[in-house]
Amino acid sequence: MKLYVEAQYASSPPRGWNSYDSFSWTISEKEFLDSAQFISDRLLSSGYEYVVVDYLWYRRKVEGADADSSGFDVIDEWGRMVPDPDRWPSSVNGNGFTEVANKGEAFEEGRKKWTAQDIGIKERPCSWMPHGFMARAGAAFLRSLYTQYAEWGVDLGN
């Protein structure tokens, strides 16, 4: 009787570009899209598939704001982070990252295209955080974030 599953390894690790590594938290929409275009044009053939907006995309880039400051974050009426509209102009009017995400493509595997809406198993709660961080209200808040990001077309799966 076999008691283990033989591991299958990818031929290479996932390859991608992360905005924080090049721009810290201050990247703008134009800088991100220009970088994504560069990755697509020059590194896609080498296996680079992902570009990631990382860290403090919701912080206003104004005097006094830095990675450790507070009071500069853009928050909607429900307390959810939204992109700084001065740095991410297509995010105005509640659009979030919709326009930025629309410039990318869904992950394809075989004949199936996968998006953020496909990655979760809604019937199975998270094993390490089954009750959220604030009981029911916290779980509802997290669900609202996941719904918001999915509506924007953001892919959280990789």
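Hi everyone, let's start at phenylalanine 32: setting aside neighbours within four places in sequence, its contacts are Trp17, Ile27, Val51, Val52, Val53, Trp88 and Val100. Contact here means heavy atoms within 4.5 Å.

A quick word on the ground rules. This is a predicted model, where local features need pLDDT of at least 70, side-chain atom pairs count only at pLDDT 80 or more, and totals for chains, interfaces and linings use all residues. Residues are numbered from 1 along each chain as its sequence is written, and side-chain values use heavy atoms, with hydrogens and water left out.

Now, the rings. Searching the whole structure turns up eleven aromatic pairs. Rings of Phe, Tyr and Trp (its six-membered ring) pair if their centres lie within 6.5 Å; planes under 30 degrees apart are stacked, over 60 edge-to-face, and the rest tilted. One of the pairs joins tryptophan 57 and tyrosine 58, edge-to-face, at 5.2 Å centre to centre and 90° between the planes. Tryptophan 57 is buried, at 12% relative accessible area, and tyrosine 58 is buried too, at 15%. Buried means under 20% relative accessible area, exposed over 50%, and partly exposed in between (1.4 Å probe, protein chains only).

Another edge-to-face pair is phenylalanine 97 with tryptophan 152, at 5.8 Å centre to centre and 80° between the planes. Phenylalanine 97 sits in the loop between β2 (48–52) and α3 (98–102), and tryptophan 152 in helix α4 (residues 135–152), so this pair ties together parts 55 residues apart in sequence. Helices (H or I, at least four residues) and strands (E, at least two) are DSSP runs, numbered from the N terminus. Phenylalanine 97 is buried at 8%, and tryptophan 152 at 5%.

Ring pairs link Trp17, Phe23, Phe32, Trp57, Tyr58, Trp88, Phe97, Tyr149 and Trp152 into a cluster.

Which residues have the most contacts inside the largest nonpolar core? They are Phe32, Trp57, Trp88, Phe97, Tyr149 and Trp152, in a core of 19 residues. Such a core is a set of buried Ala, Val, Leu, Ile, Met, Phe, Trp, Tyr and Cys residues joined through side-chain atoms within 4.5 Å. Both α2 (29–43) and α4 supply at least two of its residues, and α4 gives the most, with four.

Finally, confidence. Mean pLDDT, the predictor's confidence in each residue from 0 to 100, is 77 for the protein, with 68% of residues reaching 70 or more. By element, α2 has the highest mean (92) and strand β3 (residues 107–109) the lowest (56). Over residues 131–135 the pLDDT is below 50. Where pLDDT is low, the predicted coordinates should not be read in detail. Thanks, everyone!
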